[in-house]
Amino acid sequence: MDGPQVSIRLLGAFAMNVDSAPVELPAGVQRLVALLALRGRTGRSRLAGLLWPDTEERRALASLRTGIWRVNQAAPGLVVSAHGTIELGLTPAVDVQQLIDHSRALLRGAPDDDAPADPGDGELLPDWDDAWLDAERERLHQLRLHVLEATARLLADHGRFGLALEFALAALRADELRESAHRAVIEIHLAEGNIVEARRAYDACSRTMRDELGIDPSPSLVALVRPGGHAPLHVVTAST
């Protein structure tokens, strides 16, 4: 007989469903499920240390054993322990992994529908302050930025400049110091023939980088808005 069907939501508030029914888990047990869903197979001691960093190892391992028991009471076979490592069984549907898979597919080719979606809907467990989540949040943040920029360029290549600009500006809102996001906005304006808008976007980029970082945009970005026939840009060097 097949095991229960499990789905795990990590974008926004934590939620777990077993055979389509919501399951309530204590906070510590939620963290056990979330960490395994994000990182996969993890050593027992390492897992206990991440989840209970301020607890001596013996007690942390005892808490881990209790957590595993509680999870498997709710979804038999969901947490599997063997040879000193722990991982999720039952192949649960995890929203973060689905997001990653979809984002990678977008990075490999053109958008596959008429209205590609921003992959940034929902933040990874925003109410949790666990240190082990920092790297996972940064991973998703960087993936989203790359997807937004790649989608913007692909849409522009297909002449869908309005939607392309939406994606490029979303990347810029997510990280205003990211030069590649500024570049995407400028390139879309140029592709659409809006030279003045491209120059305004460049000026905004230049001001931001100078004010926040004390540097000028890269020479390759400067070259975008000073092609042959256009008036040369006046580049102001950051003071030292």
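**Figure 1. Surroundings of helix 2 in the predicted model.** The buried residues of helix 2 are covered by elements that include helix 1, strand 4 (42-43), helix 3 and strand 6. These buried residues are Leu47, Ala48, Leu50 and Leu51. Viewed down the axis of helix 2, they fall within an arc of 165°, so they line one face of the helix. The arc is that of the directions from the helix axis to the C-beta atoms. Buried denotes under 20% relative accessible area, exposed over 50%, and partly exposed in between (1.4 Å probe, protein chains only). Helices (H or I, at least four residues) and strands (E, at least two) are DSSP runs, numbered from the N terminus. Residues are numbered from 1 along each chain as its sequence is written, and side-chain values use heavy atoms, with hydrogens and water left out. Because this is a predicted model, local features need pLDDT of at least 70 and side-chain atom pairs count only at pLDDT 80 or more, whereas totals for chains, interfaces and linings use all residues.

**Figure 2. Thr42 in strand 4.** Thr42 is a residue of strand 4, and it counts as buried because its relative accessibility is 10%. The backbone oxygen of Gly40 is reached by the side chain of Thr42 at 2.9 Å. A polar contact is a pair of N or O atoms within 3.5 Å; within protein, one must be able to donate a hydrogen and the other to accept it, and residues adjacent in sequence count only if both atoms are side-chain atoms. Neighbours within four places in sequence being left aside, Thr42 is in contact (heavy atoms within 4.5 Å) with Leu35, Leu36, Leu47, Gly84, Thr85 and Ile86.

Figure 3. The strands follow the order 3-2-1-7, with mixed pairing. Strand 3 (21-23) and strand 7 (93-94) stand at the edges with a single partner strand each, so one side of each has no neighbour in the sheet. Two strands pair if DSSP finds at least two bridges between them. Strand 1 and strand 7 run parallel and are joined by two bridges; Ala93 in strand 7 is the bridge partner of Ser7. Strand 1 and strand 2 run antiparallel, with four bridges, and Ser7 stands opposite Asn17 in strand 2. Strand 2 and strand 3 are also antiparallel, joined by three bridges.

**Figure 4. Hairpins and faces of the sheet strands.** Five residues lie between the strands in the hairpin of strand 1 and strand 2, where Gly12 takes a positive phi near 95°. The hairpin of strand 2 and strand 3 has two residues between its strands, and Asp19 in the turn has a positive phi of about 50°. In strand 2, Met16 and Val18 form the covered face, and Ala15 and Asn17 the uncovered one.

**Figure 5. The largest nonpolar core and Met16.** A nonpolar core is a set of buried Ala, Val, Leu, Ile, Met, Phe, Trp, Tyr and Cys residues joined through side-chain atoms within 4.5 Å. The largest has 44 residues, of which Ile8, Leu10, Phe14, Met16, Leu64, Val96 and Trp132 touch the most other members. Helix 1 gives the most to this core, with eight residues. Apart from this core lies another, of 26 residues, among them Val185, Ala198, Tyr202 and Leu221. Met16 has Val23 as its bridge partner in strand 3. Beyond its neighbours within four places in sequence, the contacts of Met16 include Val6, Ile8, Val33 and Leu78.

**Figure 6. Ser103 in helix 4.** Ser103 lies in helix 4 (residues 95-108) and counts as buried because its relative accessibility is 1%. A polar atom of the Ser103 side chain lies 2.8 Å from the backbone oxygen of Leu99.
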